Amino acid sequence: MPILAAAGVRDSKTLKPTHRQRLLPIIRRLATDLGLGQASAREIHQQGIRAATELAMIRALQRLSRVPQLVLVDGNLKLRPWHNRQQTVVRGDQRCLTIACAS
């Protein structure tokens, strides 16, 4: 979306916290849905970082009001617990505004 690009949406690791905070209301206004998920430090320790990351992503997907037609996954590893359509995008937060907004 041109509005997001013009607002400076890009890889969140390259943005200052104040810039991320300014982008949040724009992203929320334009988003068709929003689901947040997290994993605890204990889950990371017990299950490992990949499984805990997948758990957080599944929790976010479960909080959406409807099942997405396609899930874009940042990186080259599919979301193993997700059995619907998905596509990996290497360096997704740099190449895809949707992933950049999610990060």
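User: Where does α2 bend, and by about how much?

Analyst: In this predicted model, the bend is at Leu23 and is about 30°. A proline, Pro25, follows within four residues.

User: What makes the length of α2 agree with that of a helix of 14 residues?

Analyst: The expected span is 1.5 Å times one less than the number of residues. For the 14 residues of α2 that gives 20 Å. The end C-alpha atoms are 20 Å apart, so the two values agree.

User: Which residues of α2 are buried, and what covers them?

Analyst: His19, Leu23 and Ile27 are buried in α2. The cover over the buried residues of α2 includes α1 (2-7) and α6.

User: What makes a set of residues here the largest nonpolar core?

Analyst: A nonpolar core needs buried residues of listed types, joined through side-chain atoms within 4.5 Å. Seven residues make up the largest such set: Leu4, Val9, Leu15, Leu23, Ile27, Ala100 and Cys101. Two elements, α2 (17-30) and α6 (97-102), each give two or more residues to this core. A second core is separate and has six residues, among them Ile58, Val73, Leu79 and Trp82. In soluble globular proteins, nonpolar side chains tend to be buried together.

User: Which residues does Leu4 touch, beyond those up to four places away in sequence?

Analyst: Leu4 touches Val9, Ile26, Ile27, Leu30, Leu97 and Cys101.

User: How do you know how many disulfides the whole structure has?

Analyst: A disulfide needs two cysteine sulfur atoms within 2.5 Å. A search of the whole structure finds zero. For Cys96, the nearest cysteine sulfur is that of Cys101, 8.6 Å away. For Cys101, the nearest is that of Cys96, also 8.6 Å away.

User: Are Cys96 and Cys101 called buried or exposed, and why?

Analyst: Buried means under 20% relative accessible area. Cys96 has 18%, so Cys96 is buried. Cys101 has 19%, so Cys101 is buried too.

User: Is Asp11 buried or exposed, and how do you know?

Analyst: The relative accessible area of Asp11 is 7%. The cut-off for buried is under 20%, so Asp11 is buried. Asp11 sits in the loop between α1 and α2. Beyond its neighbours within four places in sequence, Asp11 is in contact with Asp93, Gln94 and Ala100. Asp11 and Thr88 are 77 residues apart along the chain, and their C-alpha atoms are separated by 16 Å.

User: What about Ser12: buried or exposed?

Analyst: Ser12 has a relative accessible area of 13%. With the cut-off at 20%, Ser12 therefore counts as buried. Ser12 is found in the loop between α1 and α2. Leaving aside neighbours within four places in sequence, Ser12 is in contact with Arg20 and Ser103.

User: What sets the phi of Arg91 apart?

Analyst: Its value is near 55°, which is positive in a residue other than glycine. Most residues other than glycine have a negative phi.

User: How do you know what span α4 should have, and how far apart are its ends?

Analyst: Helix α4 covers residues 49-62. Its 14 residues, at 1.5 Å a residue, should span 20 Å, and the end C-alpha atoms are 20 Å apart, so the values agree.

User: Which residues of α4 are buried, and what do they pack against?

Analyst: Ala52, Glu54, Ala56, Ile58, Ala60 and Leu61 are the buried residues of α4. They pack against α3 (41-47) and β1 (71-74).

User: Where does Lys78 lie, and what does Lys78 touch?

Analyst: Lys78 lies in the loop between β1 and β2. Not counting residues up to four places away in sequence, Lys78 touches Arg50, Glu54, Gln86 and Thr88.

Methods:
Residues numbered from 1 in each chain as written. Predicted model: local features only at pLDDT ≥ 70, side-chain atom pairs only at ≥ 80, totals over all residues. Heavy atoms only, no water. Buried < 20%, exposed > 50% of the residue type's maximum accessible area, 1.4 Å probe, protein only. Contact = heavy atoms within 4.5 Å. Bend = angle between axes of the 7 residues up to and from the residue.
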